[in-house]
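Please open the model in your viewer and keep the sequence panel beside it.

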Amino acid sequence: FHDVSDKWYEWNSGYVHSVTGICLVMGDQLYFPVVARQPVQGADETIEGDRLYHTGLAMLRRDGFASMDASTQEGTVTTRPVKFDGKHLFVNVDDPQGELRVEVLDEEGRVIEPYSKENCDSISANKTLAAVTWNGDDDLSALAGKPVRFKFFLTNGKLYSFWVSPDESGASHGYVAAGGLGFTGPTDTVGRNATKPD
């Protein structure tokens, strides 16, 4: 993000705000168009009207607001019990030099076979939409509507988010702020079929 500058004559001196509905989803990134005001050279700092207005663009990895980070030592995180009505698990992960594996647990923390860490196909990638599979199978529909926990095992990378989608496109059905290329409404119903900017 562009921070507000404390230097009086920089383009974003003292004030920056978004000019859209929070952000636009553009492929693998979030776009935050911003407007800033800069004092006119020689202006009195107390005169509000002596400003030049500028636009800027801040960009962030899609859903990249926070991550679970792991080094060469494996890190784990287990969710609270969740229910879903989808079929395919997806993750937003950055670990091209490491790996991510996932297992599915019942409410008491017992592994639900065949969704064990050992059966999980390792993910080593930098993708905002990566499918999780177990021995090539990604169908979680037998667990839909039941409380389960997801346990993530990560080395050398960052895990940003996860979701269960009803189809193989990875559509999250979450809100997409001010929209973006390829979306047909206020929620993501298209997944990887959304258009990426050139």
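The stops below begin with the overall fold and then turn to a pocket, several backbone features and a few individual residues.

This is a predicted model, in which local features need pLDDT of at least 70 and side-chain atom pairs count only at pLDDT 80 or more, while totals for chains, interfaces and linings use all residues. Residues are numbered from 1 along each chain as its sequence is written, and side-chain values use heavy atoms, with hydrogens and water left out.

**The whole chain**

Select the protein chain and colour it by secondary structure: there are zero helices and eleven strands, and the pattern along the sequence is β-β-β-β-β-β-β-β-β-β-β. Helices (H or I, at least four residues) and strands (E, at least two) are DSSP runs, numbered from the N terminus. Among contacts in the chain with a separation of 6 or more, 66% join residues 24 or more positions apart, where contact means heavy atoms within 4.5 Å.

Now switch to a surface view. The chain exposes about 10700 Å², and carbon and sulfur atoms supply 49% of that area; accessible areas come from the Shrake-Rupley method with a 1.4 Å probe, and for residues only the protein chains shown count as cover. Of the 198 residues, 43% are buried, a class that means under 20% relative accessible area, with exposed meaning over 50% and partly exposed lying in between (1.4 Å probe, protein chains only).

**The largest pocket**

Strand 9 gives the largest share of the lining, four residues. By class, the lining divides into eleven nonpolar, nine polar and seven charged residues; Ala, Val, Leu, Ile, Met, Phe, Trp, Tyr, Cys and Pro count as nonpolar, Asp, Glu, Lys and Arg as charged, and the others, Gly among them, as polar.

**Backbone features**

Which residues other than glycine have a positive phi? Asn-156, in the loop between strand 10 (149-155) and strand 11, has phi near 45° and is partly exposed at a relative accessible area of 33%. Ala-177, in the segment after strand 11, has phi near 50° and is also partly exposed, at 43%.

**Strand 11 and the segment after it**

Select Ser-161 in strand 11, which is buried with a relative accessible area of 17%. Leaving aside neighbours within four places in sequence, Ser-161 is in contact with Asp-63, Phe-90, Val-91 and Asn-92.

Not counting residues up to four places away in sequence, Thr-187 touches His-173, Gly-174, Tyr-175 and Val-176.

Asp-69 is found in strand 5 (residues 68-70) and is partly exposed at 47%. Its C-alpha atom is separated by 8.2 Å from that of Thr-155, 86 residues away along the chain, and Asp-69 touches Gly-157 and Lys-158, residues up to four places away in sequence not being counted.

Asp-85, in the loop between strand 6 (75-78) and strand 7 (88-94), is exposed at 72%. Asp-85 and Leu-143 are 58 residues apart in sequence and 8.5 Å apart in space, C-alpha to C-alpha.

**Cysteines**

Finish by selecting Cys-23, buried at 6%, and Cys-120, buried at 3%. The structure holds zero disulfides, a disulfide being a pair of cysteine sulfur atoms within 2.5 Å.
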